[in-house]
Amino acid sequence: MDNDGKSGGGRLRQLATMKVRVWGLFAVIGYVACFGVVCQYLSGFWWGFDILANFQVQYFIALIVTTTVLLGLRRWKIVAGLAPFAIWSTVVLIPPCFGGGEKPTGRTYKIMHANVFTANRSMGDLDQPIKTEKPDFIVLEEINERWLSFLRKRCLREYEKSSNMDVIA
């Protein structure tokens, strides 16, 4: 028996019969999204925050939807708690999506990455994209001497002549 005279089983039954209100569910979703927005700024302190900080678009959508629904349900106090986070998410997320923000300065580089899988026999599929794209950097994973000698003959010779290309294998 607990201090209030109820047995542990009675509390469990009370918990099982608890009513969930729609506005309460939206409030919980909104507060979880608020926590996610805060994680973006705490990501440098712990890896767990860093993982949670990668879902900013989802937090933004959750905050906009929950704030709108709770406005319709006239839950003013909850909306007052969620609205600053929704506004902040909008200010931070929307400008980069529509070309706002900083423009890159200086030189830009083109990088090509490929995992060649050394058991793959179709080597000719890689030389054409290298010739067409003419990347500044080429990163090849799982490369062996057979692949490297093939690519040197077919397309890397131009790079070796025109620049200080280092092959790190």
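## Basis of the values

The model is predicted, and local features need pLDDT of at least 70, while side-chain atom pairs count only at pLDDT 80 or more and totals for chains, interfaces and linings use all residues. Residues are numbered from 1 along each chain as its sequence is written, and side-chain values use heavy atoms, with hydrogens and water left out.

## Overall architecture

The chain contains seven helices and two strands. Helices (H or I, at least four residues) and strands (E, at least two) are DSSP runs, numbered from the N terminus. Read from the N terminus, the order of elements is α-α-α-α-α-β-α-β-α.

The chain has 169 residues, of which 23% count as buried. Buried means under 20% relative accessible area, exposed means over 50%, and partly exposed lies in between (1.4 Å probe, protein chains only). The accessible surface of the chain is about 12,500 Å², and 62% of this belongs to carbon and sulfur atoms. Accessible areas come from the Shrake-Rupley method with a 1.4 Å probe; for residues, only the protein chains shown count as cover. Among contacts in the chain with a separation of 6 or more, 61% are between residues 24 or more positions apart. A contact means heavy atoms within 4.5 Å.

## Helix H4

Helix H4 covers residues 56-72, and its 17 residues should span 24 Å at 1.5 Å a residue; the end C-alpha atoms are 24 Å apart, which agrees. The expected span is 1.5 Å times one less than the number of residues. The buried residues of H4 are Gln-56, Tyr-59, Phe-60, Ala-62, Leu-63, Thr-66, Thr-67 and Leu-70. Seen down the axis of H4, these buried residues fall within an arc of 165°, so they line one face of the helix. The arc is that of the directions from the helix axis to the C-beta atoms. The buried residues of H4 pack against helix H2 (22-42), helix H3 (47-52) and helix H5 (76-97). On the face turned away from the buried side, H4 carries the exposed residues Thr-68 and Gly-72.

Gln-56 belongs to H4 and is buried, because its relative accessibility is 15%. Leaving aside residues up to four places away in sequence, Gln-56 touches Gly-36, Val-37, Gln-40 and Leu-93. The side chain of Gln-56 also reaches the backbone oxygen of Ala-53 at 3.2 Å.

In helix H6, Leu-126, Asp-127 and Ile-130 are buried. They cover an arc of only 100° around the axis, which puts them on the same side of H6. Asp-125 and Thr-132 are exposed on the other side of H6.

Asp-136 is in the loop between helix H6 (124-133) and E2, and at 36% relative accessibility Asp-136 is partly exposed. Not counting residues up to four places away in sequence, Asp-136 touches Arg-107, Thr-108, Tyr-109 and Lys-110. The side chains of Asp-136 and Arg-107 make a polar contact at 3.3 Å. A polar contact is a pair of N or O atoms within 3.5 Å; within protein, one must be able to donate a hydrogen and the other to accept it, and residues adjacent in sequence count only if both atoms are side-chain atoms. Asp-136 and Met-112 are 24 residues apart in sequence, and their C-alpha atoms are 8.0 Å apart in space.

## Positive phi angles

Most residues other than glycine have a negative phi. Arg-74, which is not a glycine, has a positive phi of about 60°. Arg-74 lies in the loop between H4 and H5 and is exposed, at 62% relative accessibility.

Glu-142 is not a glycine either and has a positive phi of about 55°. Glu-142 sits in the loop between strand E2 (137-141) and helix H7 (145-162), and Glu-142 is partly exposed, with a relative accessible area of 44%. H6 is followed by Lys-134, whose phi is positive, near 50°.

## Cysteines

The whole structure contains zero disulfides, a disulfide being a pair of cysteine sulfur atoms within 2.5 Å. Cys-34 is buried, with a relative accessible area of 6%. Cys-39 is buried as well, with a relative accessible area of 0%.
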